[in-house]
Amino acid sequence: MTEAQSHMLSPADFGEFFAAVNNGHRSFAWQQRLVDHIVEHGRWPEQIIAPTGAGKSAVVEAHVFVNALAAVGAGPRVPRRLFTVVNRRALVDSQHDRAGVITDALRDALAAQDGSVLCSMAEALSSLRTGDPTDADPKGGPVAVGLLRGGITRDNPTLLDPSVCAVVSATPDMWGSRLLFRGYGASWRARPREAAVAAYDSVMVLDESHLNRQLLVTARRIADLARREQPLGIPTLQVVETTATPADASADRVEIEPEDLVTDVALADRIRASKPLVLRTSGNWLKHAAGKRSNKQFIEELSDTVREAVQSAAALAGTAPRTVGCIVNRVNTAVDLADVLKKTDKDLRVEVLVGRMRPADLRTLRQNHPGLFTVEGDKEIDVLIATQTLEVGVDVDFAALVTELASASSLTQRIGRVNRLGRRTEAPVTVFVPDSAPKKDCLPYTVQDLTECLDWLTALSDGPAAVSPEDLGTLDLPRPSRRRVLYQRPEWADVDRWSRTGDRLFADDDLELWLRDDLEPEKAQAGIVVREGLPTDDLSAVEILRAAPPLPVEEFPAKVQTVRDLVEHLLKGASGKDAVPRAFLFHDRVPTLITGEDDAWTVHPGDTLVVDYGARFTTAQVAVNPRDAKNAPEAVADGVPVLYAPDEYRHGGKDRQKDSSTLRRSFVSLDADAATALWRSAATGREHDTVVLPITVPENADAVPWFLVTSEDVPADDAPVRQQWTPASDPVKLQKHSTDVADRVRDLASAVGLLPEYTDTVTAAGLHHDDGKADARFQAMLGNDPDKPAEPLAKSTGVTRRQGRGVSARGGLPIGWRHEQYSAVLTELARHRGDATISDLVVRLVGTSHGHGRHGFPHVGAELLPDSMPAGERDIAEDLFTAGRWDEIVEDTAVQTGHYAVSYLEAIVRAADNQISKEGR
């Protein structure tokens with residue numbers, strides 16, 4: 001604590017902290033009770049029961065605050081990581097943004113040293129870190145913030161520093177797959193670490209848990225299995241469900257109590273917010289819901305009703321934003337409605353928000369209209385049209401709502417987006433319902449859900465004809481129909497199988513059985529990407545695409561059939577204003593030009609189609625059948641590699657395309673590394689830029705025809721190049737590196753509170769984890785001259801990172817040779833020579849320190865070592881990797897310690913190694 005701090009933290013400071021990060025709004029009494037519950041019991045409650053709009057997202061503030069209390073000894077040791085999980089992929093960003101606002105405020109207070117509660121918390125939370133803050137969080141700061149969802153680069157900063165207080169926002173599949181050792185989007189090497197930080201020192205808050213009961217069952221079962229493992233001194237996974245309608249009420253819960261509505265005026269305003277209900281009967285709704293394409297008459301009815309709502313909202317909103325929400329059940333409905341509204345009223349400002357938007361377009365929408373995604377609203381937008389994407393995870397505050405009939409639980413979520421703060425005198429809700437009860441499913445809802453919701457709405461309209469949270473409490477909410485007969489509970493044997501992350505399987509386990517309520521097969525999805533200014537030469541275009549493959553941020557999600565329709569449309573010669581756009585198909589990350597002469601092409605699920613600028617295939621920023629398309633979308637510029645080539649060499653292109661004749665002439669005689677160095681030395685170059693050159697250049701050419709510049713960030717923590725490349729200019733000696741890693745392991749173990757016996761174990765593993773790098777062949781690969789014996793190196797010297805990627809081909813090592821396999825041999829040898837710090841668990845942690853060896857390595861003992869090695873080493877290698885004792889060690893340590901516990905110990909060793917490597921040591 002510093003002199004600038006005015007007082008020690010206590011639970012009573014939560015309200016002041018909450019107000020400081022929420023524009024002065026004080027916390028509700030139930031939110032304070034949540035903090036008090038965690039402090040009193042030393043763990044989170046199993047349930048948080050509160051209606052939509054009651055502030056359940058304050059779990060982020062609660063998590064950060066109780067960790068600050070723990071850091072100064074004013075509260076119990078609680079989980080360092082909070083995973084907020086929401087069943088709406090596109091809007092997990094909202095919770096991520098909330099966490100970002102909080103950590104920014106803490107960072108600013110720390111810089112100001114103003115003696116405030118925020119400053120006290122920031123210093124307390126910063127004391128939990130062991131690594132450089134800029135490594136775990138690009139902006140630095142007391143809290144690490146991460147994001148795990150599809151369509152973006154997955155970011156789990158807790159892998160690098162398990163001791164830091166962190167908030168990670170995730171979708172159910174992204175978090176659940178990590179818990180089950182199969183992290184989607186993570187490399188197989190990182191899977192054990194991802195599972196460890198999910199199952200240990202973590203709390204998972206599942207928002208609106210009734211939407212994903214299976215994940216709740218799975219998470220609680222894994223938490224139970226983790227509690228049965230050997231205690232490490234670290235909290236095991238805690239699981240919290242938040243909902244207004246729990247399937248089973250637990251005694252361990254925090255909820256809104258009747259007296260809260262007396263003492264909390266702001267909460268009472270939300271719970272009693274005026275929301276008149278209007279049921280609009282449509283004879284066209286069933287036709288529309290049952291058809292694959294929109295019913296024109298129904299779209300016109302929707303359009304008329306939305307315009308009426310806009311006019312009414314303008315009169316009722318007062319000074320508040322008057323945005324009207326329209327939430328529909330299918331993407332094509334949203335797209336067609338937006339098209340009609342824009343045609344019939346040119347002055348109407350309409351935006352669309354659906355799950356099938358390109359991430360870059362969603363990012364632009366959020367940047368241009370940040371208030372639209374908060375209760376503050378955006379006065380520039382008249383109508384926001386959305387699908388189920390908007391039901392969960394975004395604190396929008398509509399002045400009125402027009403929506404289709406849906407399940408009761410979904411409709412309740414939609415209603416919760418209206419008059420959210422109760423600051424409007426009235427905010428009507430109009431629900432389109434059929435003129436007769438549905439007879440069959442109208443996807444995405446079952447006939448049972450729709451029928452029960454229709455009966456429930458009818459009963460509501462017969463009463464007060466209003467749908468405030470208080471009104472909704474007068475009738476029991478119909479529960480969603482179960483999408484499966486039984487929920488699946490994972491057992492120890494399942495975890496044992498999943499933990500074999502190093503096994504090369506024909507196909508990974510299908511985790512839907514453990515993660516999803518709905519087991520119906522999903523419609524096959526592919527993607528479409530637009531690239532501007534690719535070379536007119538097809539071979540060069542393919543070469544560039546191979547060097548700069550599609551990025552998630554620039555990909556339009558689309559049905560496989562939509563992608564096929566676009567290819568056929570382009571092959572028929574449909575074009576924009578310039579040349580006919582081409583189609584390049586990425587399958588298994590390999591690009592191929594599709595030509596009219598090639599009838600063998602097909603689009604598989606997961607493929608990505610890259611097209612030239614000018615291809616028309618979107619309406620309202622969503623990929624549609626090209627015959628219905630209104631727009632030719634632009635290419636994404638930010639973050640995408642830039643092509644430098646003369647204008648006449650390009651296909652189409654716009655002003656932002658680049659040429660650099662001088663550099664193209666300079667590069668003609670250089671290789672890629674030399675070109676990169678020259679580029680970085682130029683005024684426009686950046687430290688992490690990398691130049692890609694053509695594989696071949698015409699003889700006697702005075703310039704390369706093109707070059708590509710990519711921004712190469714720091715290698716992933718589990719990337720093989722990280723193990724042999726360093727940003728340091730001075731040689732990194734093996735002995736010094738090993739000692740530094742061991743010291744950092746001990747620091748990390750102390751920071752998280754690991755029990756002393758396990759602290760000694762991981763420290764010993766950190767000391768020996770790289771012993772195998774002393775192999776003469778590996779040293780030659782790192783650049784150590786075998787004819788001039790020198791102290792062994794831990795990292796390469798005199799080679800670039802690009803060269804480091806291919807350096808394993810040198811040195812005479814067998815393909816796939818792993819230094820940590822040899823490290824395990826040398827560690828076992830040290831034990832034979834009397835080192836009492838080494839146990840089977842230490843040997844196992846050494847061998848698996850880089851994610852390999854679970855459960856085997858590709859080489860037996862005779863292949864691992866050259867014949868020149870001493871007999872003692874060869875005997876141990878044969879015993880471990882030919883006779884099979886390594887497999888026994890891995891299995892025995894997993895059984896005795898626990899699959900998640902031993903993975904957590906691996907994560908501690910790996911995190912320390914990463915931290916030291918990133919520091920250039």
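Glutamate 906 is buried in this predicted model, with a relative accessible area of 4%, and its side chain meets that of arginine 854 in a salt bridge whose N to O distance is 3.1 Å. Arginine 854 lies in the loop between α30 (840-847) and α31 (861-864), whereas glutamate 906 belongs to helix α34 (residues 899-918), so the pair ties together parts that are 52 residues apart in sequence. Arginine 854 is likewise buried, at a relative accessible area of 1%.

**Another buried pair**

- Arginine 818 forms a salt bridge with glutamate 820, and the closest N and O atoms of the two are 3.1 Å apart.
- Glutamate 820 has a relative accessible area of 0% and is therefore buried, while arginine 818, with a value of 11%, counts as buried because it falls under the 20% limit.

- A salt bridge of 3.9 Å, N to O, joins the side chains of glutamate 257 and arginine 33.

**Network and total**

- Salt bridges that share partners join Arg221, Asp224, Arg227, Arg228, Arg489 and Glu491 into one network.
- The count for the model comes to 47 salt bridges.

Note on methods. Residues are numbered from 1 along each chain as its sequence is written. This is a predicted model: local features need pLDDT of at least 70, side-chain atom pairs count only at pLDDT 80 or more; totals for chains, interfaces and linings use all residues. Side-chain values use heavy atoms; hydrogens and water are left out. A salt bridge is a side-chain nitrogen of Lys or Arg within 4 Å of a carboxyl oxygen of Asp or Glu. Buried means under 20% relative accessible area, exposed over 50%, partly exposed in between (1.4 Å probe, protein chains only). Helices (H or I, at least four residues) and strands (E, at least two) are DSSP runs, numbered from the N terminus.
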